[in-house]
Amino acid sequence: MKTNKIILLFLLGGLLMTAGEVFACRASRDMKHSFALNFDEAPAVRVYGDGVGSTLLPQTIDKCTESAGKFLMLSKGVFMPGLVSDVADISLDGEIPNDKVCRIENPIFSKPLDHNQKKSLVKRQHQFLKECTFITVAEMSGRPLRYNAFQPFCKVTNMGASMVQMEGDYCFLQINPSYNLAISMGLKSQCANLEKMRELGLEFGDIEASLNSYVTGDDTGMSTEVDPIGSSRYRFTLQAPKNFIPLSDDLGMEAPRFPATYEAEMNIGELRFRPSGSERVDLDMYLSVDNMNAPFCKEGLCAGASTYNIPVAAEIEIYRIDASGKKSFVDGWTTGGIAQGNWKGLLRLPQHTIDGEGFKAGDNYKVIVTMYDPFEDFYIFLSQAEQFLIDLKGANGVAGLDSIPSLQALTNLTGLPSLMGLPDISSGDINSDLEMSLSYFKKLGATRLWPTYYSKICDPSHGSCFVPGKQKFWNRFTANFQIGGMSGAGIYDLKKIHVVKESPVGIVMDRQVPTLPRYSCEP
């Protein structure tokens, strides 16, 4: 019975990342919650991310009128991107899909993908969630909570008539249509010790998790009536002890310390150009990122730069190449994203629109990706996005007649608030929409605690590390290609692809490839 239930829940887990609003209940779309475990100081468990006096705001669930008599199911899961960052698995049982269905075609990583390594990691992280975290549910209007006190896969602790603490794989409450619930995940202080780390086989680093909520037809765990209504993201930073690995500057009690070394292999990924109007092309761009390097271990404990989340950002330039080989500048911008700790795959970057350029079959182009400093590049990317929103506030137009095209959401910014995607603005409420998005950036100001400065930056394929700011760049790769025909998906085919990768001291890779690295799945 348990096996069938786990399979059902696992399949549903992936839906949480794309599910929109449903009518079962309404769940708030809260910011990510970040916990730090500091094994050297007290208190060992801290909340970080919003500066001094950080608090953990719960997710709220209400508007359950149409779900009267049904059940709220809560579960915890390990959040782990698949081989491409915009396809994420939420493992509710410590298992992940096999590696036979989906793959990266023409990867250019120097080390092969290791599915067993990822599988072992997810299983250990899930065990951490199971043993070291708990869920708290409170009815904010003081109404009594209704639930079975003896659930087969959930330990229930009564904290009062309107509050309960739950531990387990799947926990249930009966829904009252008038409920106004606050749910949150907490961390047990007794787990913040090195003995527990050794017992669970955990590495010091970041664990990405989610607290998932569903409306179900019953509380058996076998119901076929299951509606996902929300998912809250959590980041648990297990800080390495002092003198274990080089750490960033000590910024005080509110800030965990992260590795001072940046170590990840970077390269070009897929370039998906798609026409979006006359003389206008949309680009979905991916970078190949390998953040799975061997950690340093001693006395049964391990940590490394790659066990933590890392910022990934770069300056992008596109040039048209004429028959004589002369370059003509087309567009340039700074872009970025975040790669999870112990992850390897294709990182999708925010979509970019190229105006004033119409691609034609036979035209030749060059894309140049330049990385200068992971910290500086990342905040340039965020600052430019913020400035774009500020500039929008000065836009002139007639409410209801003029419109501003949609702005893609900047999501999955691990450890940082996401920028809410703006709709196609054509109402008189533009100022409030922009203020809402700008408020997220304002919280990054002086209180932003991640990422931190790096004293050493390394790409294993270079053979040596570098000091930020001491060279013109630390990583650069280019792709030369010719525009072909249009694929069935409405994307330009690329032909005659030639890729080059450079370090500050010379060429690392120079080769012709049939296609750029791309993600594909069997039908």
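1. A disulfide is taken here as a pair of cysteine sulfur atoms within 2.5 Å, and on that criterion a search of the whole structure returns six disulfides. The model is a predicted one, in which local features need pLDDT of at least 70 and side-chain atom pairs count only at pLDDT 80 or more, while totals for chains, interfaces and linings use all residues. Residues are numbered from 1 along each chain as its sequence is written, and side-chain values use heavy atoms, with hydrogens and water left out.

2. With the bonded cysteines counted along the chain, the disulfides of the protein chain follow the pattern 1-2, 3-12, 4-7, 5-6, 8-9, 10-11.

3. One of the disulfides joins Cys102 to Cys521, with an S to S distance of 2.0 Å. This pair links distant parts of the chain, since Cys102 lies in strand S7 (residues 102-105) and Cys521 in strand S31 (residues 518-521), 419 residues apart; strands here are DSSP runs of E of at least two residues, numbered from the N terminus, whereas helices are runs of H or I of at least four. The torsion about the S-S bond of Cys102 and Cys521 is about 110 degrees, so this disulfide is right-handed. Cys521 has a relative accessible area of 38% and is therefore partly exposed, where buried means under 20% relative accessible area, exposed over 50%, and partly exposed in between (1.4 Å probe, protein chains only).

4. Cys297 and Cys302 also form a disulfide, with their sulfur atoms 1.9 Å apart, and with 110 degrees about the S-S bond this link is right-handed. The two residues fall into separate accessibility classes, because Cys297, at a relative accessible area of 41%, is partly exposed, whereas Cys302, at 17%, is buried.

5. A disulfide joins Cys458 to Cys465, with an S to S distance of 2.1 Å, and the torsion about its S-S bond is about 110 degrees, so the link is right-handed. Cys458 counts as buried at 6% relative accessibility, while Cys465 is partly exposed, with a relative accessible area of 37%.

6. Which strands form the open sheet, and in what order? Three strands form it in the order S16-S26-S27, with mixed pairing, two strands being paired if DSSP finds at least two bridges between them. The edge strands are S16 (261-263) and S27 (465-466), each of which pairs on one side only. Strand S26 (residues 456-458) and S27 pair in the antiparallel sense over two bridges, and the bridge partner of Ile457 in S27 is Phe466.
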